[in-house]
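Subject: Structure handover

Hello,

Here is the structure I promised to pass on. Please open it first, then read my notes below.

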Amino acid sequence: MMRPSFGARMMLPALLLLAALSIFPFLFIVWMSFNDVSPIGGLSFDWVGLENWTNLFTDPDVRSSWGISAIYFVATVGLEMAIGIAVALLVHELIWGKNLAISLLLMPMFIAPVIVGLLGRFLVDPTYGLYAWVLNTTGLYTQNILGSKGPALVAVILMDVWEWTPLVTIIVLAGLASMPDEVLEAARVDGANYWQRLRLIVLPLISGIVIVALLIRSMDAIRYFDIIFITTNGGPADSTKIIPIRLYETAFRFFDLGYAAAIGLSMLAFSILVANLFLRMLARQGLAR
Amino acid sequence: MTKRGGRTWARQVVLYGLLALALIWTLVPIVWMVLSSFKSADDLLATTPKVVFAPTFEHYKGLFLGGNSLWGYVKNSLLASGISTIISVALACLAGYGLARSHFRGKQHLSFWIISTRMAPIAAVIVPLYMIFRTLNLLDSIAGLIIAYLTFNLPFAIWLMNAFFADLPVSLEEAAMIDGATRFQAFWRVALPLVTPGIVTTAILCLIFSWNDYAFAQTFSGPSSQTIPIAAAQLLTQTGIDWGKLTAIGTVVVLPMVVVGLAVRRWLVRGLTLGAVKGE
């Protein structure tokens with residue numbers, strides 16, 4: 001094996017840059033969370049101790065945003081996993097056109113989330129939108145979708161589901177492709193039908209990969225907020241104001257950067273927790289390096 | 001394949017019926033966006049959506065030929081995402097290899113630091129970066145955007161290149177070194193060429209992530225550094241939305257990324273699961 005000094009020299013430039021990009025801003029945001037920070041008329045810092053942190057736990061607005069975030073998170077990730085797995089099982093069974101089908105099904109996940117949001121707005125626009133027109137003419141829904149509380153939340157959830165379901169599909173497909181044929185063949189010879197094979201053999205075999213897909217989606221679900229940012233920006237009446245939108249508004253509309261820093265750190269704690277689970281999962285599968 | 005009884009034909013019909021549903025759900029928004037970008041203003045405003053229409057290039061002409069054309073935004077997007085991608089991939093090739101070929105205590109902690117940097121919520125990263133950029137005069141600059149994109153592209157690239165290098169058997173490099181190559185030569189002449197698909201995949205994913213960014217650009221960029229997603233968002237005005245132009249910009253943003261993304265489909269799973277799952 002090679003001496004560690006060579007490896008260290010190879011890693012040094014990247015790790016120094018990464019340290020500058022991550023540790024410094026991290027210490028800075030921690031410090032900000034103990035200050036009243038205002039950007040108006042030159043930056044000003046006023047030490048306020050734990051005030052931002054106590055606010056974080058008592059502020060009803062932030063609490064309701066965590067609630068909406070929880071709904072948004074469970075609904076988007078849940079639907080993406082369920083539909084993604086179902087579509088993967090479907091595509092896996094295809095005999096012809098499989099490659100083309102996969103390529104077409106993958107397309108949404110390359111699209112910028114902000115364009116997904118704009119496209120969603122276009123489709124449900126009460127005057128010109130294709131989907132709004134379909135809902136209108138069939139009589140299913142005739143109001144302004146993004147202007148009504150419940151439907152707006154459903155719409156932004158479905159936009160996220162549209163964009164990210166393909167990610168789950170392609171990961172699960174990789175798992176299905178790596179299953180050993182002999183086991184399935186043996187079960188088939190023994191007379192097991194499709195649903196029995198699925199429940200007793202396929203799902204247990206791909207469970208590890210399904211969990212990887214779940215964790216990857218979970219981490220990204222907390223990261224992005226572009227779709228809601230560009231469609232409803234939290235409205236109507238705060239019904240889609242997930243926590244990153246609340247943070248952004250606190251920082252850049254109300255200019256309370258110290259409080260925004262505290263909110264940001266609480267989000268960071270959540271994503272670090274998921275990242276930790278992800279690493280443990282890799283270690284369990286012997287994939288950690 | 002063994003026989004599946006007489007239900008095979010019916011089964012195929014059901015399968016392809018379900019596939020058609022999935023494809024409709026997936027493709028209608030994309031097809032509708034592209035179609036709309038070629039519709040005249042009148043056709044766009046039709047109360048009953050038009051599928052058959054006389055195509056026009058007016059929106060694209062308006063975007064690229066008029067004053068305040070899209071070219072400036074395209075240039076900013078290419079510079080910011082391109083340079084951050086090049087820096088990330090170059091440094092990550094070195095670091096990913098170093099990481100894959102060394103064993104030391106605390107390696108798990110180093111990995112954890114890298115992955116948690118990648119996964120940090122964008123809204124949380126924006127706050128300290130905004131303060132730092134403001135102090136260093138990096139607001140409204142391409143350099144600022146490059147730095148912002150490095151915060152997620154660099155850890156992603158290191159992690160992924162590490163995964164690709166870890167798959168290579170060490171024996172090839174050892175053989176090269178027995179023949180007199182230095183460690184760096186073994187990396188440069190033996191290992192690096194063998195992970196070309198990994199490098200390409202990493203670069204394309206970095207490019208897609210930064211090209212598609214909206215939140216950072218919306219916060220940090222100004223008149224001289226705005227990217228195309230910002231140009232799209234700027235078309236949302238109180239007085240009315242020019243959907244023709246907007247769908248045209250959408251098409252311009254989306255098309256290149258779909259093409260390059262599908263070009264590396266074979267390695268995509270590897271990349272998007274940060275190396276955890278091997279592809280097809």
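In which helix is the place of Glu185(A)? Glu185(A) sits in helix α8 of chain A, residues 181-189. Helices here are DSSP runs of H or I with at least four residues, strands are runs of E with at least two, and both are numbered from the N terminus. Glu185(A) is partly exposed, at 28% relative accessible area. The terms run as follows: buried is under 20%, exposed is over 50%, and partly exposed lies in between, with a 1.4 Å probe and protein chains only. From Glu185(A) to Met109(A) is 76 residues in sequence and 34 Å in space, C-alpha to C-alpha.

Some ground rules. This is a predicted model, where local features need pLDDT of at least 70 and side-chain atom pairs count only at pLDDT 80 or more, while totals for chains, interfaces and linings use all residues. Residues are numbered from 1 along each chain as its sequence is written, chains are lettered from A and ligands numbered from 1 in the order written, and side-chain values use heavy atoms, with hydrogens and water left out.

Chain A

Chain A has twelve helices and two strands. Its pattern along the sequence is α-β-β-α-α-α-α-α-α-α-α-α-α-α. The C-alpha atoms fill a box of roughly 75 × 70 × 30 Å along the principal axes. Of the 289 residues in chain A, 56% are buried. Take the contacts (heavy atoms within 4.5 Å) in chain A with a separation of 6 or more: 67% of them join residues 24 or more positions apart.

Where the chains meet

Chain A brings 100 residues to the contact and chain B brings 114. Together they bury about 9700 Å², 78% of it on carbon and sulfur atoms. Buried area is the accessible area (1.4 Å probe) that two parts lose on being put together, summed over both.

The rule finds one salt bridge across this interface. Glu93(A) forms a salt bridge with Arg11(B), with the closest N and O atoms 2.8 Å apart. The rule asks for a side-chain nitrogen of Lys or Arg within 4 Å of a carboxyl oxygen of Asp or Glu. On the chain A side, helix α1 (residues 4-32) gives the most, with 18 residues.

Aromatic rings

Over all chains there are 31 aromatic pairs. Rings of Phe, Tyr and Trp (its six-membered ring) pair if their centres lie within 6.5 Å; planes under 30 degrees apart are stacked, over 60 edge-to-face, and the rest tilted. Phe38(B) and Phe57(B) have ring centres 5.5 Å apart and planes at 80°, so they are edge-to-face. Phe38(B) is partly exposed at 22%. Phe57(B) is exposed at 52%.

Phe165(B) and Phe187(B) make a tilted pair, 6.0 Å centre to centre with 50° between the planes. Phe165(B) lies in helix α7 (residues 142-166) and Phe187(B) in helix α9 (residues 183-194) of chain B, so the pair ties together parts 22 residues apart in sequence. Phe165(B) is buried at 0% relative accessibility. Phe187(B) is buried, also with a value of 0%.

One more residue

Thr85(B) is in helix α4 (residues 71-100) of chain B. Thr85(B) is buried, at 7% relative accessible area. Neighbours within four places in sequence aside, Thr85(B) contacts Asn153(B), Ala203(B), Cys206(B), Leu207(B) and Ser210(B).

Best wishes
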